[in-house]
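Biologist: Hi! I'm new to this one, could you walk me through it?
Modeller: Happy to, let's have a look together.

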Amino acid sequence: MSKSNRISPFFISVLSAVGFTVAVCIFAFSCQGAKLKFKTCFYFVCYAMEDNSISAGSISSAVSAYGGAGYIIEHGGKYYITVSCYYEEKDAENVCRELKDRNLSCSVLKIETEEYRLKTSYAKKHAELYRGNLNTLNSLARLAYDCANALDTGAYNQSNAKSVISDIKSGLKSLLSANENNCFTVELKRLIAECDDAAGGIIYSKDLRKLQIATADTIINIELF
C-alpha cells in the first residue's frame, strides 16, 4: 500500500471512537425503547388524598380503625388513603356511595397498567420472568380480595383466612427464590412482612384488603431494571 493510501493510526482511533459512540447510543436507545406489556386495572375506594406521606399517614390509622384497609397508595405525586379495592367500577362506586351515605367523603381512583419500561439490558433479558412475576402477584392480590369478601359474608372463618394468607405467603416466597437479586426482591420481602402482619391475632377483612392493595401497589409502581 502506498503512503498516500495508508490510514493513519489517528484516523483509526477516531473511527473506533465514533463506532463506540454509535454503539453506545444504539444500546441506550434500544434499552429506552424496550417495553413490557402487562394490562390490569384496579378501582380504589379512597377516603382522602394528601400531598405528602406524613399527612396521609396521620389519616390512615383512622381509616383502619373504621374498618378500611388504611393503606396509602402513591400515584401521580399524590397520596391516597385507601378503604378497599375492586376489579369492577360498579362495585367500587356502590361501596363509595354507601360510605357517602354514612357521611364519609370518598372517591374512586382508577389505576390501569398497560406497559412498563425495561430500563436496563438486564431487565430486557429477564422480561419474561418479570411478566410472570406480575401475573403471579395479580393472582395473589385477587386471592386476598376473594378472602376479604368471604370474611365479610361469613363464608370464611379464621381458619380459612389463615390458610389463604399462608398460601399467599408461600406464593411470594416462591417468587422471592426466583428473584433473589433484582428489582422485585425488596418488594417481595415487604409483601411477605405484610402477610405476617395480617396473620397476627384475629384476622379481619380489612387485613386481607390491606394485603391485596399492598400487592396491587407493587404491580402499579414497580420499576423494572
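**A helix and its partners**

Modeller: Let's begin with helix α7: its buried residues pack against α5 (127–153), α6 (158–178) and α8 (205–221). Keep in mind that this is a predicted model.

Biologist: Thanks! Which residues of α7 are buried?
Modeller: They are T185, L188, L191, I192, E194, C195 and A198. An α-helix has 3.6 residues a turn, so residues three or four places apart point the same way.

Biologist: How far apart are the end C-alpha atoms of α7?
Modeller: They are 22 Å apart. Helix α7 covers residues 185–199, and its 15 residues should span 21 Å at 1.5 Å a residue, so the two values agree.

Biologist: And what follows α7?
Modeller: G201 does, and its phi is positive, near 75°.

Biologist: Switching to cysteines: how many disulfides does the structure hold?
Modeller: The count is 0.

Biologist: Is C195 buried or exposed?
Modeller: C195 is buried, because its relative accessible area is 1%, under the 20% cut-off. C147 counts as buried too, at 1% relative accessibility.

Biologist: New topic: where is T113 found?
Modeller: T113 sits in strand β4, which runs over residues 107–117. With a relative accessible area of 6%, T113 is buried.

Biologist: What is T113 in contact with, leaving aside neighbours within four places in sequence?
Modeller: T113 touches F38, K39, T40, I219 and I220.

Biologist: Which atom of F38 lies 3.0 Å from a polar atom of the T113 side chain?
Modeller: That's the backbone oxygen of F38.

Conventions. Residues are numbered from 1 along each chain as its sequence is written. This is a predicted model: local features need pLDDT of at least 70, side-chain atom pairs count only at pLDDT 80 or more; totals for chains, interfaces and linings use all residues. Side-chain values use heavy atoms; hydrogens and water are left out. Helices (H or I, at least four residues) and strands (E, at least two) are DSSP runs, numbered from the N terminus. Buried means under 20% relative accessible area, exposed over 50%, partly exposed in between (1.4 Å probe, protein chains only). A polar contact is a pair of N or O atoms within 3.5 Å; within protein, one must be able to donate a hydrogen and the other to accept it, and residues adjacent in sequence count only if both atoms are side-chain atoms. Contact means heavy atoms within 4.5 Å. A disulfide is a pair of cysteine sulfur atoms within 2.5 Å. The expected span of a helix is 1.5 Å times one less than its number of residues.
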